[in-house]
Each structure stands twice: as C-alpha cells, then as structure tokens.
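These are my notebook entries on what I looked up.

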Amino acid sequence: MDPLAPTDHQILEGIKSGNRKILNYVYSSFFPQVDRFVNANSGNTFEAKDVFQEALYSLFLKTIDNRIRINRSFGAYFFSSCVNIWYAALNKRNYAFEDIDKFQEEIAAEKQDLKKEMNEIEKIEIYISSLNKLDKVCRKIIEMSMSKFTNREIMKMLNLSTEGFTRQKKLKCFRKLQRIFKQEPGFKKVIDELG
Amino acid sequence: MNWDEYHEMMERYLNMEMPESEKAQFEKRLQEDSELRRLFLHHKNLRHAIANRHKLEFLRKLKKAEKTYFKKNGLIRFSLVFKYAAAAAFVVLIGLGIYLLQKDRSRTNQELFNKYFSSYTSIIENRDAENRSLLLTKGMTAYSKGEFQESIHLFEQLIGHPAYSTPAAFYTGLSYLELRKADQAVKYLKMTTSYDSIFKLEAQWYLSLAYLLANKKEQAAELLVSIESDPDHYYREKAQKLLRQIR
C-alpha cells in the first residue's frame, strides 16, 4: 500500500469539497478497474466513463448530504457502486443476470434520483450562466439578496450609498438578469416547465 | 401592482418575513394569477440555482479530472499526420517560447507580484452619516484612503462577528497585502477562502499573490491552477498568464 495515498476519510472529504488532487487520484486509482469490468461485461471504455462519472457524482451528493455510510474500504465501496450502475444499464438493455434482483430496488431509486438531479443541474446551469453575464456589482447584489441578506446589510457590505439606492439597484439588477435569462438557449425549456 | 412590488413581495415570502395574514393572501393570489406564479417559480428557481451551484462546479471539476486522466493515459489518439505537423510547429514555437520564457523567468517573485498586484477597490464612496459610525464602514473608508494600518485595526475588531467576519477578514488580508506583510495577508485571505462567501473568488486571487510575495511559489501555483480550472472565475485569465510566468 502506498503510504502517501490519501486515507478513505481524506478521499471522501476531497470528493465533498471537489478537491482537484483527490479527484485525479480517484480517476487514476479506480478507473482502470472499472474500465476492465465494463469492457469484460459487454461494454466499452466510453460507457465505463459514464458509469464512473455517475458513481462519483452520486457519491458527491451523498457526501454533501452526509448520507454516506461506508462499512468497507473506499475502493471496494466505489467499485461496487460502479458495478451496480453498470448492471442497471445492462438490465435496461434486457440482459439477464442472476444476482441483479437484490440490487433492483436500490438501483431504481438511485437512478430516479440521479435523473431528477441531472434535470436540476441543467436548470442550475442556465440560471448561473445568466447570472455570470451580469457585471460584478449586480451579481453580488443578487447573490447576497438570494442568500437572505437585507438591503441594509447589502448596502453595508458592498459599501453602497443608501438603503434606498441599494433597493433600486437591486431591482434594476433583477430586471437586467431577467432580460439576460430570456436570451439563454435553454430559457424556453425552463419557462415551459414553470407552466 | 408593478413588477418591483411583486418582486419585493416574493422576496419577503421566500425569506419567511411575511405575517400569516399577508402570507395567506399572497398564496391565494399565486393560485389565481398565472403570471405572478410564473414569476414566483422563476425567482424560486434562481434562488435554488445559487444555493446549489456547487453541484455544477463539482461536475465541471469531474469533467476536468476525466480529461486529465485521459490526457495522461492516452485514450484520445491523434493521427500520425497531425502528430508530425504538431511536432514541426512545436520546434518553431519552442525557439520563440524559450526566448520569451527566459525573459519572464528571470523575474523574481517580488517583480511578478508587482506586475500583477493592483489594489482592490471598494465600489461606491458616498456614505451617509449614520453608517460612518459603523466599524465596517469606517474600515472601508480607511482602506479606500490608503490608511491600511487603521483599516486593519478596525476590521480586526469585527473578526468573529457572525455577519461581518468574512468581509472583515478579506479586507484585513488586503490591507496587509498593501503593506507588503505577506504572512499576515496569507493568514487572513486564507481564512476568507475557506468559507463560501461573495469574496471567495477575489480572496483566492489575492491569496495567490500573497503566497508569491511570501516566496511560497508552489502554494501560489497550486492555487492559480485551481483558479485557472474554474471557467467562471473572475481572475481566470490573469491566473493563466501568471502561471505561465512562475512555472
């Protein structure tokens, strides 16, 4: 065992915080194994890449919600997540597996969650992309306002002149954001979903 | 009712600042008025997106890690012709590159710091009398006037205060940087970067400069790499340029 390798706890913390070195470590240490498994079970490297990403993202969601309970090594846990995801994908293609039944319910629930999650991410991307097109001051005003800062607090922290000015500026920024949002490519889809 | 009034109403509702009677009225209105409902859901989506953007950031980092892995392990294969063309171009560019790099590499960390450091400016100067008495405002005034010793003294009193700790730590770090006290600047800017706040991105950039000033080149480079890998980072381009010079 490499004495310089991160511990399981460090790996989980690194995934939670999106640490670049840990993510690189997870790829270089575990992807080859997942790749071999997928390739040996009717898949290819491109599919192995999807499985790997899906497993890592699921793990990230669990770590940020503190839902993670690992009772074996990180490597074993992560590999079995990838196996489950790949079995579920094969099952969709009507492959029969003897041991698939025991995973069925768990996988189906996770898949559903992940699908919802991906839709959500798409939406987040559209909103954040609009937000990033605003100038720095407007962006900060909106971010603070959305994080429940009062006009008074925003005024103090951004060093704006008066509360009234801050209020007007904030409304102006929101109107500007609305205009930018309407020009985003995914805007229609989001609006349709709003009903 | 105009857009602004609607907007403020929605905010108060989502911040749970509405009294029960007004809340019921607002909910009734939401059911009846489809335009208001759309505006409300849109606003709620935006709030959700801001609160959850770390998920998007994680996915981007994941993509980047994947790219790094395959770049190293060679899944993407270039054609032979492309390889030769790239090799020829490389030979031509390398000569020019060596000259330019030599020129830049001869710069010291201090010189690079001076080249890339520019003071962080607070946004608007006009303040009312009431706010002048507040520590944060006073600190910012001192900072804007270039009275950094005074701004440090004022901001340090706010550290630990839940509402002001992050901006205070940020400006304290900046003030130390202005005074070229690198170790102190590192301490406060590092504190700012460890929390999710609106100053985080700025603090990362200035922290990398503070590391440079402290002759901690490796730590500066590590931070600059993470700035460079974030496509939405305000200082991404600057980080790219500086990285090329310190590597």
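I looked up the secondary structure of chain B and found 14 helices and 0 strands, where helices (H or I, at least four residues) and strands (E, at least two) are DSSP runs numbered from the N terminus. I note that this is a predicted model, in which local features need pLDDT of at least 70 and side-chain atom pairs count only at pLDDT 80 or more, while totals for chains, interfaces and linings use all residues. Residues are numbered from 1 along each chain as its sequence is written, and chains are lettered from A and ligands numbered from 1 in the order in which they are written.

Next I took helix α9 (residues 148-156) and helix α10 (residues 165-178) of chain B, whose axes come within 9 Å and cross at roughly 155° (axes are lines fitted to C-alpha atoms over the stretch in contact, and angles run from 0 to 180 degrees between N-to-C directions). That makes α9(B) roughly antiparallel to α10(B), a term for angles over 145 degrees.

Finally I checked Q10(A), which lies in helix α1 (residues 8-17) of chain A. Q10(A) is partly exposed because 15 other C-beta atoms lie within 10 Å. The C-alpha atoms of Q10(A) and I22(A), 12 residues apart along the chain, are separated by 8.1 Å.

Conventions: Angles under 35 degrees count as roughly parallel, over 145 as roughly antiparallel, 65 to 115 as roughly perpendicular and the rest as oblique. A residue is buried if 20 or more other C-beta atoms lie within 10 Å of its own, exposed if 12 or fewer, and partly exposed in between; C-beta atoms are placed from the backbone.
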